[in-house]
Amino acid sequence: MGVPFFLRIVMAVALAYLPFAGWMSVPWTGDQKVYLSTAIEMEQQRSLLVPYLFGEPSYYKPPLQYWSTLAGFRSFGFSLWGAFVPSVLATLVAALAIASIARRLFPSNDSDAPRVASRAALWFLGCLGTATFGVAAQMEIYLVALGFTAWALALSYLDQSPRSRFKKPWALYGAYLTVGALAWVKSPLYSVLWVFGYVVLLIFRREWREFRNLHFYLALTFGSLLGASWYLAILEVDRERFVSDYILRETLSKQSGNAGTPIDLWLALLGFSIPFVLLAVGALVSSTLKSSRASFRRLLFFAFSAGFPAAFFFTI
């Protein structure tokens with residue numbers, strides 16, 4: 001009897017990521033130092049709502065990264081270990097979500113589904129980008145964890161019959177609330193891109209009934225309210241500075257940080273995706289040979305829906 005895929009993933013994270021969390025160093029420049037400093041000043045100011053930097057409110061990013069760092073400090077002590085373990089936990093959540101997604105792209109009676117799910121999660125854990133952001137006080141791993149958790153919940157919802165969906169819509173509400181929390185990582189933009197991708201998936205799958213389902217719009221409303229809650233609260237307590245810092249400077253006036261061509265952007269993405277990108281072609285070929293046409297279509301529909309909106313936006 002083999003090791004269950006859940007335990008396999010937990011073991012992989014524990015062995016590959018946790019030992020390095022306490023060995024990482026904080027760079028003297030760059031985003032990581034700013035994020036850690038902001039979390040520390042929030043603790044000093046005893047503020048959970050308003051981020052602080054250099055003794056003043058700082059609204060260049062929403063607070064989820066800072067909250068996770070503070071939670072790490074309070075759980076594991078004021079140390080690099082405490083600062084970075086939340087990112088390791090986010091990596092674990094992302095891997096489990098990817099495993100769940102991979103499993104749901106195959107029929108429930110397909111004996112290869114558990115093996116494919118484990119491989120998908122382990123490939124993700126082995127990527128250069130995951131290793132980079134999985135043990136750092138950075139925001140990207142939270143985008144991945146929350147985004148793919150929402151997709152796992154959405155696919156769980158869609159796997160039900162139309163009648164069951166209306167009676168048991170909780171996975172859909174969970175997906176949209178997770179997408180609402182996604183707006184607290186960097187920007188509401190990522191939540192909007194997720195919703196757009198979900199609508200594209202519904203169109204691909206010809207799920208026309210969903211657009212007449214009251215729960216679809218209620219879940220969207222609740223998720224939107226959750227995502228907007230921090231921004232509305234800050235507008236109430238410090239409107240002028242928030243508009244200056246986040247809306248005008250960080251959003252409307254911000255130039256591309258990559259300062260390169262679209263080719264540079266995509267080459268960096270492929271580099272961060274190694275070795276997954278090297279295995280993806282083989283996985284697609286294997287899917288066409290071993291899996292049903294329906295499974296292959298589900299894979300392509302999901303990959304396009306989940307990836308295209310962000311890829312198109314950031315390329316443009």
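Across the whole structure, a search turns up 27 aromatic pairs, where rings of Phe, Tyr and Trp (its six-membered ring) pair if their centres lie within 6.5 Å. This is a predicted model, in which local features need pLDDT of at least 70 and side-chain atom pairs count only at pLDDT 80 or more, while totals for chains, interfaces and linings use all residues. Residues are numbered from 1 along each chain as its sequence is written, and side-chain values use heavy atoms, with hydrogens and water left out.

**The chain as a whole**

- Of its 316 residues, 41% count as buried, meaning under 20% relative accessible area, with exposed being over 50% and partly exposed in between (1.4 Å probe, protein chains only).
- Among contacts with a separation of 6 or more, 74% come from residues 24 or more positions apart; contact means heavy atoms within 4.5 Å.

**Aromatic pairs**

- Tyrosine 59 and phenylalanine 242 make an edge-to-face pair, 5.8 Å centre to centre with 75° between the planes; planes under 30 degrees apart count as stacked, over 60 as edge-to-face and the rest as tilted.
- Tyrosine 59 sits in the loop between strand E2 (56–57) and H4, and phenylalanine 242 in helix H12 (residues 214–252), so this pair ties together parts that are 183 residues apart in sequence.
- Both tyrosine 59 and phenylalanine 242 are buried.
- The rings of phenylalanine 73 and phenylalanine 78 are tilted, because their planes are at 55°, with the centres 4.9 Å apart.
- Phenylalanine 73 is buried, at a relative accessible area of 13%, whereas phenylalanine 78 is exposed, at 62%.
- Ring pairs also join Trp151, Tyr176, Trp194, Tyr198, Phe211, Phe216, Tyr217 and Phe302 into a cluster.

**Helices H4 and H5**

- Helix H4 (residues 64–76) packs against helix H5 (residues 80–104) at an angle of about 125°, with the axes 7 Å apart; the axes are lines fitted to C-alpha atoms over the stretch in contact, and angles run from 0 to 180 degrees between N-to-C directions.
- H4 and H5 are therefore oblique to each other, since angles under 35 degrees count as roughly parallel, over 145 as roughly antiparallel, 65 to 115 as roughly perpendicular and the rest as oblique.
- On the H4 side, Ser68, Thr69, Gly72, Phe73 and Phe76 meet Trp81, Gly82, Ala83, Val85 and Pro86 of H5.
- The residues of this contact divide into six nonpolar, four polar and no charged; Ala, Val, Leu, Ile, Met, Phe, Trp, Tyr, Cys and Pro count as nonpolar, Asp, Glu, Lys and Arg as charged, and the others, Gly among them, as polar.

**Alanine 120**

- Alanine 120 lies in helix H6 (residues 113–125) and is buried at 14% relative accessibility.
- Leaving aside residues up to four places away in sequence, alanine 120 touches Ile98 and Ala102.
- The C-alpha atoms of alanine 120 and leucine 96 are separated by 9.5 Å, and the two residues are 24 residues apart along the chain.

**Positive phi**

- Most residues other than glycine have a negative phi.
- Phenylalanine 54, in the loop between strand E1 (52–53) and E2, has a positive phi of about 60° and is exposed at 74% relative accessibility.
- Arginine 206, in the loop between helix H11 (189–204) and H12, has a positive phi near 55° and is exposed, with a relative accessible area of 64%.

Methods: Helices (H or I, at least four residues) and strands (E, at least two) are DSSP runs, numbered from the N terminus.
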